[in-house]
Amino acid sequence: MNQKVILCYGDSNTHGMTPIADALAPVRGRYGRDVRWPGVVQKLLDDAVAIIEEGLPGRTTCVDDPIKGAPKNGLTYLRPCLDSHFPIDIIVLMLGTNDLKAHFARSPEDITAGIETLLDGITEAQIGRDGKQPKILLVAPPPILEIGAEESAFKGGAEKSRHLAALYAAIAERRGLAFFDAGSVIEVSTVDGIHFEPEAHQRLGEALVQQLDSMMA
């Protein structure tokens with residue numbers, strides 16, 4: 001069987017972090033592999049794919065975080081990640097939510113430029129199979145809510161987040177990439193306005209399977 005390698009590169013919602021009820025809680029929760037959306041994709045596609053989960057809580061597109069540190073920069077780890085998992089057939093890229101944090105003061109266009117930088121990095125890496133470029137599924141994260149434990153951290157981010165899907169779609173069209181708007185099938189949790197409930201992980205995984213299935217044909 002020609003098993004496809006699918007790299008899921010994202011933030012805490014790819015990692016599977018549970019909604020945060022208390023910002024000062026010392027331990028953060030993580031859903032089990034079968035609950036996280038990459039695990040849902042793996043289960044539904046079974047042996048046809050090998051899913052690689054690369055979700056880091058706090059990961060940005062391409063900026064260092066002065067609070068949580070440089071390792072949260074999605075560009076910093078991108079190349080080592082791509083090289084270590086070579087060859088890769090498909091990359092699912094879903095980032096941008098953490099760029100909405102107030103201390104970054106980034107506009108939707110700034111965040112979109114960050115996505116473009118990551119896409120350029122993927123192209124330069126040449127980590128597809130048999131000398132080919134991997135296919136890319138660009139996923140726009142769902143709009144956030146300014147509520148709960150993360151409200152102050154993401155002050156002003158909700159309005160910005162509502163513009164990302166259209167901007168990401170334009171990138172995908174211009175570059176000839178597959179695109180999916182996660183906000184078309186799920187919403188963020190009302191507990192913290194950022195993370196996904198288990199039902200959202202399930203729905204997103206099911207929706208992405210439809211996209212990936214056509215990409216593997």
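What radius of gyration would a compact globule with 217 residues have, and what does the protein chain have? A compact globule would have a value near 17 Å, and the protein chain has 16 Å, which agrees. The radius of gyration is taken over C-alpha atoms, and the globule rule is 2.2 Å times the number of residues to the power 0.38. The structure is a predicted model, in which local features need pLDDT of at least 70, side-chain atom pairs count only at pLDDT 80 or more, and totals for chains, interfaces and linings use all residues. Residues are numbered from 1 along each chain as its sequence is written, and side-chain values use heavy atoms, with hydrogens and water left out.

The C-alpha trace spans about 50 × 30 × 30 Å along its principal axes. The protein chain holds 7 helices and 5 strands. These are DSSP runs numbered from the N terminus (helices: H or I, at least four residues; strands: E, at least two). Along the sequence the pattern reads β-α-α-β-α-β-α-β-α-α-β-α. Of the 217 residues, 51% count as buried. Buried means under 20% relative accessible area, exposed over 50%, and partly exposed in between (1.4 Å probe, protein chains only). The accessible surface comes to about 9700 Å², and 52% of this belongs to carbon and sulfur atoms. Areas come from the Shrake-Rupley method with a 1.4 Å probe; for residues, only the protein chains shown count as cover. Among contacts (heavy atoms within 4.5 Å) between residues at least 6 apart in sequence, 75% join residues at least 24 apart.

Helix 2 covers residues 37–45, and its buried residues are Trp37, Pro38, Gly39, Val40, Val41 and Leu45. They pack against strand 1 (4–10), helix 1 (12–15), strand 2 (49–55), strand 3 (90–94) and helix 7 (198–215). Just after helix 2 comes aspartate 46, with a positive phi of about 55°. Aspartate 46 lies in the loop between helix 2 and strand 2. At 47% relative accessibility, this aspartate 46 is partly exposed.

Isoleucine 115 sits in helix 4 (residues 108–125). Its relative accessible area is 0%, so isoleucine 115 is buried. Neighbours within four places in sequence aside, isoleucine 115 is in contact with Thr61, Leu93, Leu95, Leu138, Tyr168 and Ile171. Histidine 15 is 100 residues from isoleucine 115 in sequence and 19 Å from it in space, C-alpha to C-alpha.

Most residues other than glycine have a negative phi, and most peptide bonds are trans. Glutamine 126, not a glycine, has a positive phi near 55°. Glutamine 126 is placed in the loop between helix 4 and strand 4 (135–140). With a relative accessible area of 62%, glutamine 126 is exposed. Phenylalanine 86 and proline 87 are joined by a cis peptide bond, with omega about -5°. Proline 87 belongs to the loop between helix 3 (74–84) and strand 3.

The largest pocket contains about 320 Å³ of space. It is lined by 21 residues, and the closest to its centre are Arg28, Lys68, Lys101, Glu150 and Ala153. On a 1 Å grid over the protein atoms alone, a pocket is an open set of points where a 1.4 Å probe fits, with protein on both sides within 12 Å along at least five of seven lines; lining residues have an atom within 4 Å of a point. Grid points are joined across faces, edges and corners, and a volume is the space filled by probe spheres set on the points.
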